Amino acid sequence: GDITGRFAYFRCEVELPEKARLTADITASSRYRLWINGKSVLSGPCKGDTYRQYYETVELTEYLVSGKNIFCAQVLYCDPDTAEMQTDERASIYGVIGQKMGHRLAIEGDICDEKGNVFETITTGKADWRVWLEDSFFLKSSEITCFLGAVIEEIDVLKSSIRWKEKEFDFSHWMKAEFVDTVKPTSALYACGVEPRFRMRERDIPLLYERKTEFIRDFSRKDGKSMGLLEKGSIAVPSEKTAEIILDAGTVKNGYPKYLFRGGKGAKVEIIYFEKFGGQGADIRRTDYEHGEISGLTDTLILDGKDLQYEPFWVRTFRFICIRIYAAEEPVTILAPDFQRTGYPLKKESSIHSSEDWVEKLWDICVRTLGNCMLETYMDCPYYEQLQFAMDTRLEALFTYAVSSDSALARKALIDFHYGMQPEGLTAGKYPSVYLQILSTFSLHYIYMLWEYYKQTGDKETLRLCRGDIDRILDYYDIHIGKNGLVGGLEFWEFVDWHPSWADCGGTPRALQYGPSTIINLMYAYALQCGVQLFEATGRPGLVEEYRYRRKRILDAVQRECWDEEKKMYREGPAFTQFTYHAQAWAVLNEMVEEEKAKEVLLSAINDENCLKYSFSTAYEWFRALAKAGMYDEIREAMNEWIELLELDCMTCPE
C-alpha cells in the first residue's frame, strides 16, 4: 500500500563479550535514526538526491555492552512522487530526497576483539536483521508547515509498537529482513556504464554532534513559578485532571527531546514546540508568557498505562516546550525530560568586542542563528521551513566565513545546487527537495555564492565542477533581453523581497507587471561581474571578454531607461516610477555611481519616505552599498532594527 511517511523498524540482536569493538558504515532510504541498547546514536544519511546516496562511517564501540546487544534502525521512506502534497495525511520530509525504492537499510560492520579478530557482524545480508512495518501512525504536516518541511507525530501507544527498541521487547513475530541487492555493484552491466539506482558516496561533511542537554527551568503560565519537574525529577497528574508544564531551553536550540511517562492509561499528551510566546505574527517580548499565546508544532501521544520513553524521529527546534497532560481514569507521572542537542560541529574561531553593550549581544544572536541553521544542509529556518534556499544559504555561508575557517558545508551547498540544475538553464531555488521549485533570481545568488566561496577558499576544483552552470544561467538571462536592452519576461518565480507593497505579487517587484525590473537587471549585471572574476580564475579569457561586454550593455540600458534625474535615483522600471532601496544598492555595487554620486543616490533613498525599504533577509546589499560609499553613520543608524531585537528578547534573528 501507500508506504510514504511510514516507518520500518529494523532490529538485530547479538551476544558480545567484554571489550568488543565496532566501526560501521550505514545508510538507508530515505532516512534513518540508529539506537544501540536503547541509546540514540545518530541520524542520517547525509542529505543527497537521486544521484548521491551518502553513507556515514561511525565509531560505535562506546555503546556496546557485555552480553546481549540490541541494534535498532528506524527507517522512514519519503516517496518523491507523493511528497508534493503535504496537505495529505501522509507527509514526507521535503528536504529528504532519494530513489523511489521503499524502505531500505544497508549496514556494514564486523565486531572485533582488541586484536582485530572478528567474532560477530551486524552487516545487513549476513546478520539476522528483522523488520516490522509500522502501520499505526505516520508523519503529518500541520497548518503552519505545509510545503515547508517540518512534520509532527500523533501516536496512539495502545496500538503502536513504540517499545520496539527496549531490551525485552518480543519481536519473534517480525519478518526476516529481505536481502535485495549489494551496495557495491557486482553485475557485468555496471562495467558497461549502467549505473546502480543507489550511487553511493562517502559523506562530504562531518557527522552532526549530539550531546545531552538539560532544560534550564520549568514554569507555569499562571505565575511564572517552577512546577518542580526539573527540581524534583517528576510530577504526578491525578486522574481526570489536566496539567500544563512549560520547559525553557534558555535559547532556541535544535534537538531530539526525550520524555518518560509512567501510568496514565488513556491519557492524552500534547507536546508543543515553539520559539516564542505570541503566536504567528505577534511582535511582543519573546518571553512574555502572560500576554503571548502558545502555538506551534505539536506531537500527540495517547498513553497505554505502562512505562514509556518517547523520542520524536525528526529533529525539533524550540526555545520553549509546552507539555499538556489530560489524565483519564489513571494518574500520570512525567519524569524530567532532557534532549540531545544537535547541529553541525562548527568551530567558532572569531569573536567581537566593543565598548557598546549591544555589540557582543547581537553577535551572539547572529552566531546562534547560524548554528541552528547548519545541519546536513543550511536551512532557511530550522523550525518550520527546513529547506536550503539559494539566497538564504548565500547569506549563511558569508557569515560562516566570518565565524570560522570551516567551509565544508558551504562547499556541499554549492555541490547541492549544482546537482539541482535544470534543463532550462537555472538551478532549483531550493535543493535538495522532493518537489521542484524554481526561483529564477536565486540562480544569480548561486553565482554570487560561487565567487564568494572561491575568494574565501581558493578552491578551483569545486569551481571547475560548477563553472558550466554559470554560463548556462547567464545565457538564460541573455536570451530574455528585450528590444530596450533590458532583461524582462523571465519564467518561474522572480522573487526579490517580501515587501508589504509586493505581497499580492508574491514578493516580485511590481514593475514586472509593466516591463523589466531594474533590481533584477542590476542583479544580473552583478552576476556577470562575478562570472568575469570566476572565469579569469579558471582560465577562460574568451568568456571573460564576452561577459564584460554583456555587462556594459545591461548597465548602459539601465542608465538610459531607468535613471530619474529629478529624484536622483533609479526607477524600478523604465516606465514605472516606484523607487526601492534595493535598486539603489545594486547600482552602487555595480559601480554605476561612485564616491559622492553614490552617497547622493543612497541618501535620496533614505530621505524619500515612499522609497520601498529592504526586509531583514534582503538587507545585505544595502549594508555593502553603504560601506562602499563610506556612509558609516548611516550603517550605524540602519543597525537599530537589529539592536531592537535585544529589547524583544530575541535569541535568534528573524528571517
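## Cavities, a pocket and a helix pair

Helix H9 gives the most to the lining of the largest cavity, with 4 residues. This is a predicted model, in which local features need pLDDT of at least 70 and side-chain atom pairs count only at pLDDT 80 or more, while totals for chains, interfaces and linings use all residues. Residues are numbered from 1 along each chain as its sequence is written, and side-chain values use heavy atoms, with hydrogens and water left out.

Helices (H or I, at least four residues) and strands (E, at least two) are DSSP runs, numbered from the N terminus. On a 1 Å grid over the protein atoms alone, a cavity is a set of points where a 1.4 Å probe fits but cannot get out, and a pocket is an open set with protein on both sides within 12 Å along at least five of seven lines; lining residues have an atom within 4 Å of a point. Grid points are joined across faces, edges and corners, and a volume is the space filled by probe spheres set on the points.

The count comes to 5 cavities of 30 Å³ or more. Of the 18 residues that line the largest cavity, His-445, Val-496, Trp-586, Thr-618 and Glu-621 are the closest to its centre. Helices H3 (390–403), H7 (518–537), H9 (581–589) and H11 (620–628) each supply at least two residues of that lining.

| Space | Volume | Lining by class |
|---|---|---|
| Largest cavity | about 150 Å³ | 12 nonpolar, 4 polar, 2 charged residues |
| Second largest cavity | about 130 Å³ | 7 nonpolar, 7 polar, 4 charged residues |
| Second largest pocket | about 1400 Å³ | 25 nonpolar, 10 polar, 9 charged residues |

The second largest cavity holds about 130 Å³ of space. Its lining has 18 residues, and the closest to its centre are Ser-30, Pro-45, Cys-46, Gly-48 and Ile-97. Strands E2 (21–29) and E5 (53–59) are the elements that give two or more residues to this lining.

The peptide bond from Ser-29 to Ser-30 is cis, with omega near 5°, and Ser-30 sits in the loop between E2 and strand E3 (31–36). The bond from Gly-44 to Pro-45 is also cis, with omega near -5°; Pro-45 is in the loop between strand E4 (39–44) and E5.

Turning to the second largest pocket, 44 residues line it, and Leu-105, Ala-106, Thr-124, Asp-181 and Val-183 lie nearest its centre. Elements that give two or more residues to its lining include E2, E5 and strand E7 (104–108).

The axes of H6 (residues 460–479) and H8 (residues 541–562) come within 12 Å and cross at roughly 30°, which makes H6 roughly parallel to H8. Here axes are lines fitted to C-alpha atoms, for helices over the stretch in contact, with angles from 0 to 180 degrees between N-to-C directions; angles under 35 degrees count as roughly parallel, over 145 as roughly antiparallel, 65 to 115 as roughly perpendicular and the rest as oblique. In contact (heavy atoms within 4.5 Å), Ile-470, Asp-471, Leu-474, Asp-475 and Asp-478 of H6 meet Leu-543, Tyr-547, Arg-550 and Arg-553 of H8. By class, this contact has 4 nonpolar, no polar and 5 charged residues.

Technical notes
Nonpolar A, V, L, I, M, F, W, Y, C, P; charged D, E, K, R; others polar.
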